[in-house]
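Subject: Handover of a structure, with notes

Dear colleague,

Please find below the structure I am handing over to you. My notes on it follow directly after.

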Amino acid sequence: MCAVPIMNQNDTTSRIAHVFRGTFVHSTPRVALEILGDCILGVDDEGKIAFIEKDEKDVVSLSKTWGFETSDIKQLGQYEFLMPGMVDTHIHASQYSYTGTALDLPLLEWLNTYTFPVEAKYKDLDFANDVYTKVVKRTLKNGTTTACYFATIHTDASLLLGELADKFGQRALVGKVCMDCNSAVPQYKESPSECKEETDRPNLNPSLISELEDMILLPLVFCSFIKELLKKEYPNIKPVVTPRFAPSCSSSLLSELGEIANNNKLHIQSHISENKEEVELVKTLFPGCKSYTDVYLKHNLLTDRTVMAHGCHLTDEELEIFRDTGSAISHCPNSNISICSGMLNVRNVLNHKVKLGLGTDVAGGYSPSMLDAIRRTLDTSKALTIQDPQHETLTFEEVFRLATLGGSEALSLDDQIGNFVVGKDFDALRVNVCIPDGPIDLFPGEGPKVILEKFLNLGDDRNITEVYVAGRQVVPIPDT
């Protein structure tokens, strides 16, 4: 059943910018998949969902109440539906140039051989502009309305990523990578002097410096990135504190980043327990900590705004810490398999009441599409069931929720996005499973649930005909 408006129509001066009529599919905290058939949804000129009404209500009176013309209604076709935009909770924008290649080494060798040398190139802003433009466009076309990005150690290139996400209309958390330990590729790390130089970068807005005065006491390059990104006042772009992972950071750096994040209520992202060799390395580097999770906990980096990628080898005790701190896990199944890191038991994570979303983890994951993340999540769950018949396999409905509402919860954005609720931002995909020469064949009698399942398993960017972020249509991407 469709929800009714919860706002008083007479109290709002917002104009209705979009009205859609047809089938809507989304998740709620209680229901993995809710199908809203024959509904009318209105979006105001601030990009928020203004109303959702049952189609049986008189459309003329509804148009008068909300001030739109019935001729402006966008009617969805028989094989079309609207769904919430997908949330990629972990993607390395800087690795996009070699996506689909370099999958022949385990994690630590992979980083040293491929990742660090490529990321060092981002001091060249022309190179950065080319790659970042392509990754933002590609992910938008694939239905990623929100992305939690890792950039590189370069402040200017990281700011450019935020600029491009804003330009093309993607909602994004952008992280300038912080790392001060890298013996394998020594040219790709930050020195204390470079941190100091970047922190004291001139020409910052005095009022902003005053607002963030706690930050400038810390000699870190990341402070400059935060100040300058916030100064841009992009409506849907936020900075995220980004220690690369514990092995590439000194204890002092981790502590300073934890202080920055907590003093200023910022998001935090990093990696944890991706493969067993990495877990053992962390034990040797941080002998005073009981576990990998304890490293981040002791440095105040586990909060209700934290998302940690992978977590394949977390113990139940560590998952309890995640639950108690409100921290989230980004499940990156393509990457976990592609570079032979491990298989996360998502069912166990959910049973521990830990927030969890999905990530592509480009380029350890070879696909920038969240549809692939959905499929690989289901495959991994089935593989675990093969190993243990007592394992409860995830359903496609549950994984649909993880890719949408679950991702918004993992990024602590579920008060703004994730499903179709009055007052939330309209981040949505218009899906047509019956496009000419498309990847999906349909047969008589197939209802909305079957059509959705076919799209999730067989569809691609050709089926995503329109993408909206905060009410703004961003796909098709306008020619520039």
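Helix H4, in what is a predicted model, runs over residues 155–168. Its 14 residues reach 20 Å from the first C-alpha to the last, close to the 20 Å expected at 1.5 Å a residue. H4 is mostly covered, with 10 of its 14 residues buried. The buried positions are Thr-155, Ala-157, Ser-158, Leu-159, Leu-160, Leu-161, Gly-162, Leu-164, Ala-165 and Phe-168. Just after H4 comes Gly-169, whose phi is positive at about 90 degrees.

H3 comprises residues 125–141, 17 residues in number. From its first C-alpha to its last, H3 reaches 24 Å, which is close to the 24 Å expected at 1.5 Å a residue. Buried in H3 are Ala-128, Val-131, Tyr-132, Thr-133, Val-135, Val-136, Thr-139 and Leu-140.

Strand S7 contains Thr-146. This residue has 0% relative accessibility and therefore counts as buried, the cut-off being under 20%. Not counting residues up to four places away in sequence, Thr-146 touches Met-86, Val-87, Asp-88, Arg-171, Leu-411, Leu-413, Ile-417 and Asp-427.

Is His-310 buried or exposed? At 0% relative accessibility, His-310 counts as buried. Leaving aside neighbours within four places in sequence, its contacts include two other histidines, His-90 and His-271. His-310 is also in contact with Ile-272, Glu-274, Ile-329, Ser-330, Cys-332, Ser-335, Asn-336, Leu-344 and Asp-361. The C-alpha atoms of His-310 and Gly-342 are separated by 8.9 Å, the two residues being 32 apart along the chain.

Thr-28 sits in a loop, the one between strand S1 (16–26) and strand S2 (34–44). Its relative accessibility is 16%, so Thr-28 counts as buried under the 20% cut-off. Beyond residues up to four places away in sequence, Thr-28 touches Glu-34, Arg-401, Leu-405 and Asn-419. Between the C-alpha atoms of Thr-28 and Leu-105, which are 77 residues apart along the chain, the separation is 40 Å.

- Val-362 and Ala-363 are joined by a cis peptide bond, with omega at about 5 degrees. Ala-363 is placed in the loop between strand S14 (355–358) and helix H15 (370–387).
- A cis peptide bond also leads from Val-475 to Pro-476, where omega is near 5 degrees. Pro-476 belongs to the segment after S17.
- Asp-38, a residue other than glycine, has a positive phi near 55 degrees. Asp-38 lies in strand S2.
- Ala-102 is not a glycine either, yet its phi is positive at about 60 degrees. The loop between S6 and helix H2 (107–119) holds Ala-102, which counts as buried at 16% relative accessibility.

Finally, some figures for the chain as a whole. The protein chain has 17 helices and 17 strands. Its radius of gyration is 22 Å, close to the 23 Å that the globule rule gives for 480 residues, so the chain is as compact as a globular protein of that length. Along the principal axes, the C-alpha trace spans about 65 × 60 × 40 Å. Of the 480 residues, 60% count as buried. Among contacts with a separation of 6 or more, 73% are between residues 24 or more positions apart.

With kind regards

Technical notes: Residues are numbered from 1 along each chain as its sequence is written. This is a predicted model: local features need pLDDT of at least 70, side-chain atom pairs count only at pLDDT 80 or more; totals for chains, interfaces and linings use all residues. Side-chain values use heavy atoms; hydrogens and water are left out. Helices (H or I, at least four residues) and strands (E, at least two) are DSSP runs, numbered from the N terminus. The radius of gyration is taken over C-alpha atoms; the globule rule is 2.2 Å times the number of residues to the power 0.38. Buried means under 20% relative accessible area, exposed over 50%, partly exposed in between (1.4 Å probe, protein chains only). Contact means heavy atoms within 4.5 Å. The expected span of a helix is 1.5 Å times one less than its number of residues.
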